[in-house]
Amino acid sequence: MAAPKVPPSQLGAAVNRILDILQSSPEGLTQDNLNDKLGHIDQAGVEALNLLLAKRQIQIFQRGSVHVYKLQPKEEAGKFKGLTSEDMLVYQTIQQAGNMGIWTKDMKRNTNLQQPQVAKAIKNLESRSLIKAVKSIASKGKKVYMLAELTPSKELTGGAWYTDQEFDAEFINVLKQQCMQIVIKQGLVTMENVVDAVRKSGITKEELLVKDFKQLMDILVLDGDIEEVISTGTGPFTAIPPDVLCYRASQSRIPETSAFTSIPCGICPVLHECTDDGLISPKTCVYYQNWLKF
C-alpha cells in the first residue's frame with residue numbers, strides 16, 4: 001500500500017526546516033546528525049530531502065563510511081541542472097579528491113556504482129566542462145579526474161621540470177645557465193642568494209621551490225661548473241654566517257676534452273692491426289700524431 005501523500009504545507013515546512021539546519025552547518029551533517037536536529041524523519045522529511053536533492057539545493061556525498069548532507073551554494077546550483085543523481089554522486093566524489101584527482105576504480109568503490117554508471121557520469125560531467133582528465137606522471141600516464149577549475153598537484157604532473165607532462169630539458173638548461181651566471185657575477189653565493197636572484201630576474205613564471213633550486217645547483221656541482229664550500233664566517237665569508245653551505249665557480253674544473261679523454265687509440269676500429277712496423281702504425285697515424293700535439 002502506497003504511503004499517503006504529504007500535504008503541500010507540511011512538505012514546505014519540512015523543506016524550510018532542513019534548509020535552516022543545513023544553513024547553520026556549512027560543513028554538512030551526517031544522516032544521524034540531521035535526524036537528531038530534526039527530532040525524527042517522518043514521511044514529510046523523507047520527501048523534503050528527495051525534493052531538495054532533485055532540485056540540487058542540497059548535495060549528498062560520502063565522508064568515510066557515512067553519507068553527509070550539505071547545502072548547495074546558490075551560484076553552483078544552476079550548473080548542475082539536468083544531472084542525474086549518479087552524475088552528482090560521481091561529481092562530489094571527484095570534488096573530495098581535490099587537486100590529486102581520483103581514478104575510476106576508486107570512484108566505483110567510493111560511490112558503490114557500477115563501471116558503466118561511472119563511465120556515463122564522467123562523460124556527462126566532461127561534456128559540461130565540470131571535470132577534466134589529467135595524466136599522472138607518477139602512475140605511468142594513468143588518468144585521474146578532478147574538477148575542471150583546479151590546478152593539478154605537482155605530484156601528478158611531475159613538478160617544475162615538466163611542461164605539458166613532458167620532461168623539459170631546455171627549460172632546465174636555461175635555469176642552469178642563469179644560476180651559473182649568478183654564481184660568476186656574485187663570486188660567492190648561498191642558496192638564498194640564488195633563489196632570490198632568479199625570482200627577481202623574472203626568467204620564469206613557474207613557482208620554483210627551494211628544493212628545485214637545490215637540484216639545479218647539484219647538477220652544476222656534478223658537472224664541475226661550481227663547487228660547494230662551507231662558510232667559516234671570516235675572510236671572504238664575513239657576510240655569511242658560519243657553517244652555511246655556499247657555492248662558487250669551480251677552482252679546478254675538469255675540461256670536457258683533455259689528453260686523457262681524447263686518446264684516439266681507445267676508439268680506433270683497426271687497433272688490433274696496429275703494430276710498430278706495420279702498414280698501420282703509430283708512426284704513420286695522423287690521429288695519433290695530432291694527439292701528441294694536444
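**View 1. Sequence separation of contacts in the predicted protein chain.** In this predicted model, 51% of the contacts with a separation of 6 or more in the protein chain are between residues 24 or more positions apart. Buried residues account for 33% of the 294 residues.

**View 2. Secondary structure and overall extent of the protein chain.** The protein chain holds twelve helices and ten strands. Its radius of gyration is 33 Å, whereas the globule rule gives 19 Å for 294 residues, so the protein chain is more spread out than a compact globule. The C-alpha trace spans about 115 × 55 × 30 Å along its principal axes.

**View 3. Surface and charges of the protein chain.** About 18,600 Å² of the protein chain is accessible surface, and carbon and sulfur atoms contribute 55% of this area. The protein chain carries 33 positive and 33 negative charges. The mean position of the positive charges lies 8 Å from that of the negative charges.

**View 4. Cysteine 274 and cysteine 265.** Zero disulfides are found in a search of the whole structure. For cysteine 274, the closest cysteine sulfur belongs to cysteine 265. The two sulfurs are 6.6 Å apart, which is too far for a bond, because a disulfide requires cysteine sulfur atoms within 2.5 Å. Cysteine 274 has a relative accessible area of 30% and is partly exposed.

**View 5. Cysteine 285.** The relative accessibility of cysteine 285 is 25%. Cysteine 285 therefore counts as partly exposed, because this class lies between under 20% for buried and over 50% for exposed.

Methods. Residues are numbered from 1 along each chain as its sequence is written. This is a predicted model: local features need pLDDT of at least 70, side-chain atom pairs count only at pLDDT 80 or more; totals for chains, interfaces and linings use all residues. Side-chain values use heavy atoms; hydrogens and water are left out. Helices (H or I, at least four residues) and strands (E, at least two) are DSSP runs, numbered from the N terminus. The radius of gyration is taken over C-alpha atoms; the globule rule is 2.2 Å times the number of residues to the power 0.38. Buried means under 20% relative accessible area, exposed over 50%, partly exposed in between (1.4 Å probe, protein chains only). Contact means heavy atoms within 4.5 Å. Accessible areas come from the Shrake-Rupley method with a 1.4 Å probe; for residues, only the protein chains shown count as cover. Lys and Arg count as positive and Asp and Glu as negative; His and the chain ends are not counted. The place of a charge is taken as NZ of Lys, CZ of Arg, CG of Asp or CD of Glu.
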